[in-house]
Amino acid sequence: MGIYDLGWKGKICLLVLLAFAASSNGVDEKIKSKEKFLEVDMKLKLLNKPSLKSIQSEDGDIIDCVDIYQQPALDHPALRNHIIQMEPSFYPKTEWTMMKKNSSMQTISHIWQKNGSCPEGTIPIRRIRKQDLLRATSLENYGRKSPYITHSSNRSTERQESTNNTHNFEHLNQNGISNFLYVNRSAAFLITQGYSYIGAKGEINVWNPYVEGQDEYTTGQIWLVNGPRTGFESVESGWMVNPSVYGDTQTRFFIYWTVDGSHKTGCFDLICTGFVQINHEIALGTAIEPVSSEDGPQYEIPIFIFMDVNTSDWWLALEEKLVGYWPASLFGRLRHSAAIVQFGGEVYSTTIGKEGVPHTATAMGSGEDAQYMFGSAAYINHIRIIDYSRTERYPEWVYPYMDEPYCYSAYNYVQYIKEPEFYFGGRGRFRNPYCP
């Protein structure tokens, strides 16, 4: 019996029921929306600590000057009774000052500093906004990387075959970490292993590469790593463009850490607990300027990550200024040393390695191939490592590594110069018929 077989009373009842159902759905949606906003507000209260002073940056960021003893790190379960270390008990002797005099580095600045500064006894923290959390796939995932999961598809096999024709080194096979091919990401870096590393540094050339998708990112950075491929521990720092975290395409100074290959731990900057900041002048996750330009001035950020051998804390310095440290209590393997050091770039996109989907056009470095070298490609200069000899030196064994040599490249230039220069980058699929 159809609706037309009902009497007029039956038709009215049916229409009332349909209207009620529609109204109920609307109410449900409103309740869910309200619950979502309440969750966001609660999360914001946890993330944004009370400030003694706030600074409005010209790029839209708000920097809160938070009491150093009220910073997010101290909320970590392993740091409940932690005593903040204002300086390391061990600081390796470095050639940084000499390098700086011989460097082509131009001065960079942090945009927010134009409008004010935080007093001593506080640390500057970039305020997380409501729109940042609403943009995230979930409140739990905001500020985190997707887990590092190895490929198993045919496309990954193709990537591996092409990778094996490059300057990668076979020694990795002997340690069970031969392939760095991960789901949704691609990297090009200079890698060294074979020693117990307690420090690494370099001057990273700063660019502002194109990012195609709002959920993608690109970096120029240094990693210190220990552990298995899919559950490794790492401390990282450099520059990045990451619209999903920061809401724009500016180049920003960042840090990151994880103890399980980003499955459940770690995050960028101070978004989650862990990193202890001591510096009142440097704000993590804020924009830096200017950036390098093709055939124009080249700008660099000097990054130095090292272990205090007396406490096993990992310290970070930017431009010779101590920023803070990752406490030893966060780690397992990294309490002793790093097994691998990497210098270069990484691109994250859900299209990488996915069957039947065009590769991302997100660029790495400057967007130019590494072979174009100085003035066109991104580079890292004055690369150094420190092992348990506590001696700073250029790595004895280094190898350029690239997941997808037709999309992103790596090149270590050592001819006719005293100081090797490492170049990395690429344009992905953009105007590149060779990238899948």
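Visitor: Which residues does T286 touch, leaving out residues up to four places away in sequence?
Guide: T286 touches D61, I63, H110, W112, R126, T251, R252 and F253. Touching here means contact (heavy atoms within 4.5 Å). This is a predicted model: local features need pLDDT of at least 70, side-chain atom pairs count only at pLDDT 80 or more, and totals for chains, interfaces and linings use all residues. Residues are numbered from 1 along each chain as its sequence is written, and side-chain values use heavy atoms, without hydrogens and water.

Visitor: Where is T286, and why is T286 called buried?
Guide: T286 sits in the loop between β10 (276-277) and β11 (288-289). Strands (E, at least two residues) and helices (H or I, at least four) are DSSP runs, numbered from the N terminus. Now the label. Buried means under 20% relative accessible area, exposed means over 50%, and partly exposed is in between (1.4 Å probe, protein chains only). T286 has 1% relative accessibility, so T286 counts as buried.

Visitor: How much of the protein chain is buried?
Guide: Of its 436 residues, 54% count as buried. The chain has 6 helices and 20 strands.

Visitor: What makes β1 and β2 a pair of strands?
Guide: Two strands pair if DSSP finds at least two bridges between them. Strand β1 (residues 53-56) and strand β2 (residues 62-67) are joined by 4 bridges, so they pair. They run antiparallel.

Visitor: Why is the ring pair of Y91 and F304 called edge-to-face?
Guide: A pair of aromatic rings is described by the distance of the centres and the angle of the planes. Rings of Phe, Tyr and Trp (its six-membered ring) pair if their centres lie within 6.5 Å; planes under 30 degrees apart are stacked, over 60 edge-to-face, and the rest tilted. Y91 and F304 are 6.2 Å apart centre to centre, with 80° between the planes, so the pair is edge-to-face. Y91 lies in the loop between β2 and α2 (96-102), and F304 lies in strand β12 (residues 300-307), so the pair ties together parts that are 213 residues apart in sequence.

Visitor: Are Y91 and F304 buried or partly exposed?
Guide: Y91 is at 37% relative accessibility, so Y91 counts as partly exposed. F304 is at 3%, so F304 counts as buried. F304 also pairs with F306: 4.9 Å between centres and 35° between planes make a tilted pair. F306 is buried too, at 0%.

Visitor: How many aromatic pairs does the structure hold?
Guide: It holds 19. Ring pairs also link Y217, F254, Y256, F268 and Y348 into a cluster.

Visitor: What makes a space a cavity and not a pocket?
Guide: The way out. On a 1 Å grid over the protein atoms alone, a cavity is a set of points where a 1.4 Å probe fits but cannot get out; a pocket is an open set with protein on both sides within 12 Å along at least five of seven lines, and lining residues have an atom within 4 Å of a point. The structure holds 2 cavities of 30 Å³ or more. The second largest cavity has about 110 Å³ of space. Its lining includes L47, P124, I125, R126 and Y246. Strand β4 (residues 122-126) gives the most to that lining, with 3 residues.

Visitor: Which residues lie closest to the centre of the largest pocket?
Guide: The largest pocket has a volume of about 460 Å³. Of its 22 lining residues, T137, N141, R144, S146 and S244 are the closest to its centre.

Visitor: What is the phi of N184, and why is N184 called buried?
Guide: N184 has a positive phi of about 70° although it is not a glycine. Most residues other than glycine have a negative phi, and most peptide bonds are trans. N184 lies in the loop between α5 (171-174) and β5 (185-205). Its relative accessible area is 18%, so N184 is buried. E319, also not a glycine, has a positive phi of about 55°. E319 is at 23%, so E319 counts as partly exposed.

Visitor: Which residues does a cis peptide bond join?
Guide: E289 and P290, with omega at about -10°. P290 is in the loop between β11 and β12.

Conventions:
Points joined across faces, edges and corners; volume = space filled by probe spheres on them.
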